[in-house]
Amino acid sequence: MTWLDKYFFKPSFYQKLLAFLLLPFSFLYTLIAILNTKFKKEVQFSIPIISVGNLTIGGNGKTPICKAIAAEFEKNFIILRGYKRKSKGLIVVKHNHQILCDISKSGDEAMEYALNKECFGVIVSEDRILGIKKAIELGAKIVILDDAFSKFHIKKFDILLFGKEKPYFNFTLPSGAYRLPKIYEKKADFITYEGKDFTRYSYVKENQKAILITSIAKPFRLYEHFIKARACYFFADHYAFSKEELETLLKKHHCDTLMLTFKDYVKVKDFGFKTELIKLEIVLNENFKERLKAYVKEFN
């Protein structure tokens with residue numbers, strides 16, 4: 001675990017002390033976060049809107065869950081903010097299975113969706129309402145919102161994800177891992193737990209000519225694969241790799257292959273390196289699927 005992971009999930013004595021010292025800032029953060037969810041008129045749409053989000057900081061599997069949901073429905077559009085993209089405003093990343101821009105404009109997560117054959121369309125937009133309207137204009141039959149739980153002004157089916165690792169404290173940032181007070185979980189339409197409502201699979205072949213690199217949140221999720229590569233390097237979430245730094249790391253360990261997740265692969269796929277993909281897959285249980293289908297049927 002990184003220092004931050006330990007701080008939020010398995011804090012030491014001194015990290016616990018720091019969390020309590022930061023409580024005044026958590027109180028201020030909570031006040032601002034709550035006010036940000038108020039005073040907006042609710043907007044309804046004529047097609048199903050499914051939101052996949054979490055109450056805690058990232059790494060609970062929103063991306064693979066969204067892809068698993070998309071696989072259940074035709075003419076789906078996934079809409080997300082496009083974190084750390086080098087563009088602003090609304091951009092159609094993919095439509096009718098055709099990719100329409102590069103990763104600098106889409107961001108890494110949006111491009112990961114775009115490269116998934118199950119995704120009919122992908123849009124990045126800071127304004128989710130504009131994104132939904134554009135998706136409907138382009139023929140969407142269902143919209144999946146990535147990380148939009150706090151957008152309570154949008155009428156939608158809210159799914160909250162909880163991973164196996166639970167925050168040590170039920171505090172909001174910066175004293176705890178919660179982005180909104182824990183009581184907000186009551187606003188969810190369906191709360192899902194890993195191991196109960198969905199199962200995560202991760203696998204890759206051992207390759208001692210490879211170095212494992214990752215810029216995902218909670219890299220400790222890949223722990224079982226660390227011994228399958230000659231060396232491991234962890235970077236900040238959404239980190240933008242350069243070809244030169246990866247070449248240096250490969251030469252340092254006399255390796256010729258990068259072992260990495262698909263999220264990281266989309267950022268380095270044009271560098272020309274040999275790659276070994278760590279496959280991350282989510283399988284939804286039948287109850288999860290039935291809840292989704294029941295909601296979608298309400299619009300038929």
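**A first walk through the model**

Tutor: Let's start at asparagine 60. Beyond the four places either side of it in sequence, asparagine 60 contacts Asn54, Leu161, Gly163, Phe198, Arg200, Lys218 and Arg221. Keep in mind that this is a predicted model.

Student: Where is the place of asparagine 60?
Tutor: Asparagine 60 sits in the loop between strand 1 (49-53) and helix 4.

Student: Is asparagine 60 buried or exposed?
Tutor: Buried. Its relative accessible area is 2%, and buried means under 20%.

Student: And glycine 61, which loop is that in?
Tutor: Glycine 61 is also placed in the loop between strand 1 and helix 4. Its relative accessibility is 9%, so glycine 61 counts as buried.

Student: What is glycine 61 in contact with, leaving aside neighbours within four places in sequence?
Tutor: Leu161 and Arg200. Asparagine 60 has Leu161 and Arg200 among its contacts too.

Student: What does UniProt list for "binding site"?
Tutor: An unreviewed UniProt entry gives Thr56, Ile57, Gly58, Gly59, Asn60, Gly61, Lys62 and Thr63 under that label. Such annotations may be inferred rather than shown by experiment.

Student: New topic. How many residues has the largest nonpolar core?
Tutor: It has 50. Ile69 and Val143 have the most contacts inside that core. Helix 4 (residues 62-70) gives the most to it, with five residues.

Student: Now serine 106. Which helix is serine 106 found in?
Tutor: Helix 5, residues 103-106. Serine 106 counts as buried because its relative accessibility is 0%. Setting aside residues up to four places away in sequence, serine 106 touches Gly82, Arg85, Val93, Cys101, Met111 and Val124.

Student: Last stop, leucine 4. Where is leucine 4 found?
Tutor: In helix 1, residues 3-9.

Student: Why does leucine 4 count as partly exposed?
Tutor: Because its relative accessibility is 46%.

Student: How many residues apart in sequence are leucine 4 and serine 175?
Tutor: 171. In space, leucine 4 and serine 175 are 11 Å apart, C-alpha to C-alpha.

Notes. Residues are numbered from 1 along each chain as its sequence is written. This is a predicted model: local features need pLDDT of at least 70, side-chain atom pairs count only at pLDDT 80 or more; totals for chains, interfaces and linings use all residues. Side-chain values use heavy atoms; hydrogens and water are left out. A nonpolar core is a set of buried Ala, Val, Leu, Ile, Met, Phe, Trp, Tyr and Cys residues joined through side-chain atoms within 4.5 Å. Buried means under 20% relative accessible area, exposed over 50%, partly exposed in between (1.4 Å probe, protein chains only). Helices (H or I, at least four residues) and strands (E, at least two) are DSSP runs, numbered from the N terminus. Contact means heavy atoms within 4.5 Å.
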